[in-house]
Amino acid sequence: MTDLVALDADLTRRIAEAADLGALEAIRIEALGKQGSVSGLLKSLGAMSPDERKARGPEINGLRDRIAALIAARREALDQAALDAQLAAERVDLSLPPPPRRRGAVHPTMQVMDEMIAIFADLGFRVAEGPDIEDDFHNFTALNFPPKHPAREMHDTFFFHPDPETGERRLLRTHTSPVQVRTLQRTDAPAPAPWIANGQSPPIRIVAPGRTYRCDSDATHTPMFHQMEGLVIDRGIHMGHLKWTLDRFVSRFFETPSVVTRFRPHHFPFTEPSAEMDVQCDRSGSEVRIGQGRDWMEIVGCGMVHPNVLRNCGLDPQEWQGFAFGFGVDRLGMLKYGMPDLREMFASDVRWLGHYGFSPFATPTTAAGLS
Ligand code: PHE
């Protein structure tokens, strides 16, 4: 009896005094672990006579339950204290005035888009746009994804509930390629604004920046990201024009001749032949660096516009050819400005934005410098 009282008192005192989760865990193992003092007492019940067990059993079980409850309560208190300390340390008071000289900054993605548009505008491209909420026709069918074809599964699509009347399922566009279709397709409806793509006549040279969505998340993928589509339609267009345009873009965008790129054959239903271009970089440290290292980051998918896409949009592929490309805008930002993790770009952490953001007064132009 006395040993139980002494053990109980000793454990109770030490649990109350445990300063952190590590110390508490050590006490738990010492008392309730396999070789623990309380566990030892529980084991000793087996060797007792029935009468003795009847008397001692409730006492020992009671001790075990009490100690377990004390440990749980202490753990909760320590967890709460740790959380309180973390919240106090990481507190950002949004009601405070902004720090001097940092009154809002341009998000790196928007900066990169402006830089890209400046370069493509110089090459004679216009900006076009399309909606974020698309239908199956523009996102897939018109782009030569056959119905029920596994290529549709290449994109982890966010679908809306089907329309109760038509059964049609709208979706968040998985790429900016539907803007190709909207640009090419003739329509009688006037465009709601000059930059909205609908129904242009060739020759065409457009870039289409915008948000895109896929159910995907890791260091180089986020459920929402940005692409910039490019589309050129003219007579006698070939792969050489595509390669020249991308090479030209990359050397101007990175503002250094030391960027190494590679073309890899690939498959997209809406281009033939298709390719992806990677930029050589180093991703071993806490920053991404270009012009060194052994890693490759894919930045653009591209190819010659598939004749079926031209036909689907009412153009004769014997007369018109073209190329198209789709850049990952956020990834270009990671590469150029050295951010290691794509997810941080959209976490809205004011410290991150303060560090990586750009001055709203320094609009990128090819004449005055991009960044
Ligand atoms: N839409 C493709 C993607 O999101 C990229 C692409 C655009 C490929 C244009 C070829 C032509 O992966």
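The structure is a predicted model, in which local features need pLDDT of at least 70 and side-chain atom pairs count only at pLDDT 80 or more, while totals for chains, interfaces and linings use all residues. Residues are numbered from 1 along each chain as its sequence is written, and side-chain values use heavy atoms, with hydrogens and water left out.

**The whole chain**

Eleven helices and ten strands make up its secondary structure; helices (H or I, at least four residues) and strands (E, at least two) are DSSP runs, numbered from the N terminus. The chain has a radius of gyration of 31 Å, well over the 21 Å that the globule rule gives for 371 residues, so it is more spread out than a compact globule. That radius is taken over C-alpha atoms, and the globule rule is 2.2 Å times the number of residues to the power 0.38. Along the principal axes, the C-alpha atoms fill a box of roughly 100 × 55 × 40 Å.

Of the 371 residues, 42% are buried; buried means under 20% relative accessible area, exposed over 50%, and partly exposed in between (1.4 Å probe, protein chains only). Among contacts (heavy atoms within 4.5 Å) with a separation of 6 or more, 66% join residues 24 or more positions apart.

**The nonpolar cores**

Select Phe325 and Phe327 next. These residues have the most contacts inside the largest nonpolar core, which has 45 residues. Such a core is a set of buried Ala, Val, Leu, Ile, Met, Phe, Trp, Tyr and Cys residues joined through side-chain atoms within 4.5 Å. Elements that each supply at least two residues of this core include helix H5 (108-122), strand E5 (224-234), helix H8 (239-254) and strand E10 (321-328).

Around Phe327, display the residues that it touches, not counting those up to four places away in sequence: Met116, Phe120, His226, Gln227, Met228, Leu246, Phe249, Ile299, Val300 and Leu332. A second, separate core of 24 residues includes Ala142, Phe145, Leu315 and Ala324.

**Isoleucine 117**

Move to helix H5 and select Ile117. At 23% relative accessibility, this residue counts as partly exposed. Ile117 touches Val127, Pro209 and Met228, with residues up to four places away in sequence not counted. A distance drawn from its C-alpha atom to that of Phe263, 146 residues apart along the chain, reads 23 Å.

**Two cis peptide bonds**

Select Pro202 and Pro203, which are joined by a cis peptide bond with omega about 0 degrees. Pro203 lies in the loop between helix H7 (178-184) and strand E4 (204-213). The peptide bond from Glu272 to Pro273 is also cis, with omega near -5 degrees; Pro273 lies in strand E7.

**Two positive phi values**

Asn144 has a positive phi of about 75 degrees although it is not a glycine. To find Asn144, go to the loop between helix H6 (136-139) and strand E3 (171-172). Its relative accessibility is 18%, so Asn144 counts as buried.

Phi of Ser348 is near 55 degrees, a positive value in a residue other than glycine. Ser348 is exposed, with a relative accessible area of 58%.
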